[in-house]
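Good morning. I have one structure to go through, and I will keep it short. Please have a look at it first.

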Amino acid sequence: MYANSINAYKNQQIMTAPPEKLTLMLYDGAIRFVTESIRAMEQGDLNKSHNANLRAQDIVREFMCTLDMQYDLSKNYMALYDFICRLLVEGNVKKDKKQLEDAKGLLVELREAWTQAITLARQAHGGKAI
């Protein structure tokens, strides 16, 4: 019952979140899954590590699918997301914690940049949600 309430709350958050918040939530999820993958790898639970890694890859691929490629900036993001995805795949296949940590570091930087972009956009709109 308690778990159902938590899931309902999370679903409500997702369904009512503005697009910029959804993107932030996706970055948080990707970072969380890479962290989980690294931790499971360290503990020798390769199946759990693999599954968490796949979830992070899914999020990064979703970012790639949603880019509007008519903009040069999107092309740059595509290359970066592709690199992160390759790090995740190779880290998963080779059980290389360093590659996973590198992918996580890039995701953290992208999340921070997104947070700054939201802040700047809100300031430009008088503090209102964008």
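What share of the contacts in the protein chain between residues at least 6 apart in sequence join residues at least 24 apart? The share is 57%. Keep in mind that this is a predicted model.

The overall layout next. The protein chain has five helices and zero strands, so from the N terminus on, the order reads α-α-α-α-α. The chain has 130 residues, and 29% of them count as buried. Its accessible surface comes to about 8,400 Å², with 56% of that belonging to carbon and sulfur atoms.

Now the interior. In soluble globular proteins, nonpolar side chains tend to be buried together. Here, the largest nonpolar core holds 21 residues. Val34, Val60, Tyr81, Ile84, Leu88 and Leu107 are the ones with the most contacts inside this core. Two or more residues each come from α2 (19-42), α3, α4 (72-94) and α5 (97-124). The biggest contribution is from α2, with seven residues. As for Val34, leaving aside residues up to four places away in sequence, its contacts are Ala56, Leu88, Leu100, Lys104 and Leu107.

On to the aromatics. A pair of aromatic rings is described by the distance of the centres and the angle of the planes. Searching the whole structure gives three aromatic pairs. For Tyr27 and Phe63, the ring centres are 4.5 Å apart and the planes are at 35°, which makes the pair tilted. Tyr27 belongs to helix α2 and Phe63 to helix α3, so this pair ties together parts that are 36 residues apart in sequence. Tyr27 is buried at 3% relative accessible area, and Phe63 is buried as well, at 6%.

Phe63 also pairs with Tyr81, and that pair is stacked, at 5.2 Å centre to centre with 15° between the planes. Since Phe63 is in helix α3 and Tyr81 in helix α4, the pair ties together parts that are 18 residues apart in sequence. Ring pairs link Tyr27, Phe63, Tyr77 and Tyr81 into a cluster.

There is also a charge to mention: the charged end of Arg32 sits over the ring of Phe33, 4.8 Å from its centre.

Is Asn47 buried or exposed? Asn47 has 54% relative accessibility, so it counts as exposed. Asn47 and Ser37 are ten residues apart in sequence, and their C-alpha atoms are 9.3 Å apart in space.

Note on methods
Residues numbered from 1 in each chain as written. Predicted model: local features only at pLDDT ≥ 70, side-chain atom pairs only at ≥ 80, totals over all residues. Heavy atoms only, no water. Helix = DSSP H or I, 4+ residues; strand = E, 2+ residues; numbered from the N terminus. Buried < 20%, exposed > 50% of the residue type's maximum accessible area, 1.4 Å probe, protein only. Contact = heavy atoms within 4.5 Å. Areas by Shrake-Rupley, 256 points an atom, 1.4 Å probe, with all protein chains shown as cover. Core = buried A, V, L, I, M, F, W, Y, C linked by side-chain atoms within 4.5 Å. Phe/Tyr/Trp six-rings, centres within 6.5 Å; stacked < 30°, edge-to-face > 60°. Lys NZ or Arg CZ within 6 Å of the ring centre and 35° of its normal.
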